[in-house]
Each structure stands twice: as structure tokens, then as C-alpha cells.
Amino acid sequence: MRNRLTEELRLLAFEHHDECVSCGYKFQEGDTSHLGYDIDDKPLYVCDKCSNKLKETAVRHVFMPRPYEIPPAESKLWRYTDFTKYVSMLSTKGLYFARADCFQDTFEGAKGLKKNKDKWDEYYLNFFREGIKNLREDHEFKYSDEEVEKQAKRLLGDLEHGGEIGKKRTFISCWHENEHESEAMWRLYSSFLENAIAVRTSYNSLYHALGRNPSINIGRVKYIDFQKSYAGVNDAFWHKRKSFEHEKEVRAILIDMRYPDKGKIIPCGLSILIEEVFVSPSAPSWFTQLVNDVNEKYGIKVKVSPSELIQEPFF
Ligand SMILES: [Zn+2]
């Protein structure tokens with residue numbers, strides 16, 4: 001194994017995460033996946049059976065399913081926002097990812113309810129105790145019970161610390177998945193409804209606009225009942241409380257270990273991203289022209305439509 005991990009190989013493994021690119025075998029949790037290069041130095045991501053096709057192995061992984069579900073490629077995603085934030089996106093040519101600890105929802109990255117923490121702690125203490133006891137199984141040396149307890153508590157402490165730190169290292173861009181425009185989202189996600197707009201894209205366009213970046217994961221948020229369950233250690237940012245279910249959120253997540261700021265702007269191909277722009281149902285008539293003018297100034301050629309909510313009924 002040579003650990004030669006090119007961008008091309010990372011992307012191949014990222015995009016084909018669930019299956020062997022050679023035979024199409026669907027990986028099961030715990031399987032080994034092999035990353036490397038064939039005889040022509042072309043990247044390969046394969047199963048055990050196909051690993052003989054590798055001339056060079058870069059790395060092997062124990063397969064774990066993604067902690068989130070990817071929406072269908074054409075699934076429509078919406079971003080309801082203020083005009084000023086829209087202009088900022090155009091002028092920076094980037095998408096703003098907010099740091100997880102800056103969100104209004106104080107449960108961002110939470111594993112569960114505080115009142116249920118004892119059970120969580122006990123589960124992980126047992127998990128660590130077993131791990132520590134079995135660590136030295138082949139050797140004559142055995143940790144004393146006291147030492148096992150001490151080490152298990154230390155690991156639990158590390159886990160808690162990791163959870164807190166994780167909020168400062170996780171950057172998120174939120175989208176609303178819906179075939180149609182949403183009246184509720186206009187009111188929820190714009191501070192001044194008269195000057196609000198909605199950007200419509202699709203999963204596929206968002207993924208490509210962000211440059212098919214294997215460091216950015218895009219998927220659906222899962223809404224769970226924290227009274228009865230917990231989020232996992234590695235998937236907390238993919239879970240929210242049931243009371244947020246109306247958001248039907250798809251989020252793009254990026255981890256940055258160094259970044260100290262409250263958010264970061266990620267370069268984004270806006271002409272790929274923006275498929276259509278809608279102006280708020282409360283917008284004055286001149287507002288559509290203003291959005292068109294701004295788009296033109298920044299070279300964005302997309303249709304700007306009035307909200308479908310202002311269409312008149314008949315009785
Ligand atoms: Zn295979």
C-alpha cells in the first residue's frame with residue numbers, strides 16, 4: 001500500500017461510494033473497499049473479489065454507508081433569502097456556509113436530549129470498556145479494572161469534547177427540497193418579505209456548481225424524535241428534531257479544522273447553480289426589474305419570475 005490518493009481517485013470513490021465500479025457489487029457495512037490504480041494507472045474503487053485488478057493499492061476502507069440520503073439528481077432545491085444576501089452571493093461568486101454553532105437551532109450537531117445523556121454515557125462507557133479489555137487480548141498484559149475505568153472515562157471525555165469542537169468545524173449551506181414554491185418558506189427565511197427572493201436549483205446543479213468536491217457532502221436531513229432516540233457520533237449534523245420536518249432540508253456540509261470565522265464563502269459556479277429566480281409574493285412591481293438588472297450586471301442569465309402565489313383564482 002502506497003497511500004497515493006489523487007483527487008481523481010478520491011472523486012471516483014466519493015461518487016461511487018456504495019458500489020464496486022468494476023462488478024457493481026453493493027457494499028455491505030463492514031466490507032472492505034479497495035482504492036487504487038489499475039495496470040494503466042487509472043483509478044479504481046473495487047470490492048474484495050475485484051481487488052486483483054489493482055496494480056497499486058492506495059488505501060483500504062471498512063465500508064460504512066453514507067450517514068445521509070442523496071436526493072434524486074433532478075430534485076428541486078430552493079433557497080429563500082433576502083435580496084442583499086442574493087447580491088452578496090453574486091458579487092462574491094460563492095455560496096455562504098455558516099458555522100454550525102451560529103445557527104438559531106441550538107440542537108445543531110446535538111446527539112440527544114440532556115435528560116437522556118446518562119444512558120448515552122453508559123452505552124459508550126461500556127463500548128470503551130469492552131474495547132480496552134480486548135485491546136490487549138493477545139498479550140499476557142491485562143489492564144486492571146481501575147485502569148479500564150479510567151481509560152473508558154477519558155475516551156468518553158474525548159467524545160464529548162469532539163462534539164463541542166465539531167460545531168466550530170462544521171460549515172453548512174441549507175436548502176429546501178420541494179417540487180413547488182412554499183408559502184411558509186417565504187415567511188420563515190426572509191427578514192423583509194417585500195425584498196425576498198428564492199433561488200431554485202436542483203441537487204445535480206448544486207453538486208456540480210460546487211465543483212464535484214469530495215470534501216462537501218450534500219444530502220437530506222433526517223428528522224428524529226429525540227425523546228426516543230439519539231443521533232450517531234458521526235451523523236449528528238444530518239439529524240434534526242421532528243419539529244423541523246416542514247423544512248425538508250437538504251444541506252451541504254463542509255468540515256474545516258482550521259477556519260476560525262463564523263462562516264465561509266465557497267466558490268460556486270452560479271450560472272450552473274441558479275436555474276430560476278422567483279421574487280416574493282409581497283414584492284412591489286419594480287422589484288422584478290431590479291433583480292433582472294442585478295443579474296445582468298453579474299452576467300447571470302436566468303429567468304426571474306414573480307411568485308406563483310400571486311396568481312389570481314376564479315370561483
Ligand atoms: Zn467488484
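How many residues of domain 2 are in contact with domain 3? The count is 12, and they meet nine residues of domain 3. Contact here means heavy atoms within 4.5 Å.

## Model and domains

This is a predicted model: local features need pLDDT of at least 70, side-chain atom pairs count only at pLDDT 80 or more, and totals for chains, interfaces and linings use all residues. Residues are numbered from 1 along each chain as its sequence is written, and side-chain values use heavy atoms, with hydrogens and water left out.

The assignment, automatic or from a database, gives domain 1 (7-62), domain 2 (76-108 + 169-310) and domain 3 (114-167).

## Interface of domains 2 and 3

The C-alpha centres of domain 2 and domain 3 lie 38 Å apart. About 860 Å² is buried between them, 55% of it from carbon and sulfur atoms. Buried area is the accessible area (1.4 Å probe) that two parts lose on being put together, summed over both. On the domain 2 side, Arg-169, Tyr-230 and Val-233 lose the most area, together 58% of what that side buries.

## Zinc site

Cys-20, Cys-23, Cys-47 and Cys-50 each give SG to the zinc ion, at 2.3 to 2.4 Å. Donors are N, O and S atoms within 2.8 Å of the metal (3.2 Å for Na, K and Ca). Their sequence spacing is C-x2-C-x23-C-x2-C.
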